[in-house]
Amino acid sequence: MDSRPNLRFRLLHIGDTMVVLDPVTLPGRLHRAGFEEVASQHRPGRQIRFLARKA
């Protein structure tokens with residue numbers, strides 16, 4: 001699970017690497033990375049939930 005970028009999210013990541021997930025492109029990115037059984041769910045302004053299994 002991960003969060004969509006907002007001020008609180010950005011503040012929590014000060015000093016570390018933050019890679020923002022785009023929920024629209026996430027399933028395809030996971031498939032291209034070799035994952036199977038990809039599922040993702042998101043609601044605007046909320047967390048992104050995703051599950052994938054490495055082949």
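Helices (H or I, at least four residues) and strands (E, at least two) are DSSP runs, numbered from the N terminus.

**Figure 1. The whole chain and its elements.** This is a predicted model, in which local features need pLDDT of at least 70 and side-chain atom pairs count only at pLDDT 80 or more, while totals for chains, interfaces and linings use all residues. Residues are numbered from 1 along each chain as its sequence is written, and side-chain values use heavy atoms, with hydrogens and water left out. The secondary structure consists of two helices and two strands. Their pattern along the sequence is α-α-β-β. Along the principal axes, the C-alpha atoms fill a box of roughly 35 × 25 × 15 Å.

**Figure 2. Confidence along the chain.** pLDDT is the predictor's confidence in each residue, from 0 to 100. Its mean over the chain is 84. Of the residues, 91% reach 70 or more. Helix α2 (residues 26-32) has the highest mean among the elements, at 94. Helix α1 (residues 7-12) has the lowest, at 82. Where pLDDT is low, the predicted coordinates should not be read in detail.

**Figure 3. Surface and contacts.** The chain exposes about 4500 Å² (Shrake-Rupley method with a 1.4 Å probe; for residues, only the protein chains shown count as cover). Carbon and sulfur atoms supply 52% of this area. Of the 55 residues, 13% count as buried. Buried means under 20% relative accessible area, exposed means over 50%, and partly exposed lies in between (1.4 Å probe, protein chains only). A contact means heavy atoms within 4.5 Å. Among contacts with a separation of 6 or more, 25% join residues 24 or more positions apart.

**Figure 4. A nonpolar patch at the surface.** L7, L11 and I14 form this patch. Together they have about 350 Å² of accessible area. Patches are made of residues with over 30% relative accessible area and no salt bridge; like charges are joined within 9 Å, and nonpolar side chains (Val, Leu, Ile, Met, Phe, Trp, Tyr) within 5 Å. L7 belongs to helix α1. Its relative accessible area is 62%, so L7 is exposed.

**Figure 5. L21 in the loop.** L21 sits in the loop between α1 and α2. L21 counts as buried because its relative accessibility is 12%. P5 is 16 residues from L21 in sequence. Their C-alpha atoms are 8.6 Å apart in space.

Figure 6. A search of the whole structure finds one salt bridge (a side-chain nitrogen of Lys or Arg within 4 Å of a carboxyl oxygen of Asp or Glu). R53 forms a salt bridge with E37, and the closest N and O atoms are 3.3 Å apart. The pair links distant parts of the chain, 16 residues apart: R53 is in strand β2 (residues 48-54) and E37 in strand β1. Strand β1 covers residues 35-42. R53 is partly exposed because its relative accessible area is 47%. E37 reaches 56%, so E37 counts as exposed. The backbone of E37 has a positive phi of about 50°, although E37 is not a glycine.

**Figure 7. F50 and P27.** F50 is part of strand β2. With 34% relative accessibility, F50 counts as partly exposed. P27 lies 23 residues from F50 in sequence. From C-alpha to C-alpha, F50 and P27 are 8.5 Å apart in space.
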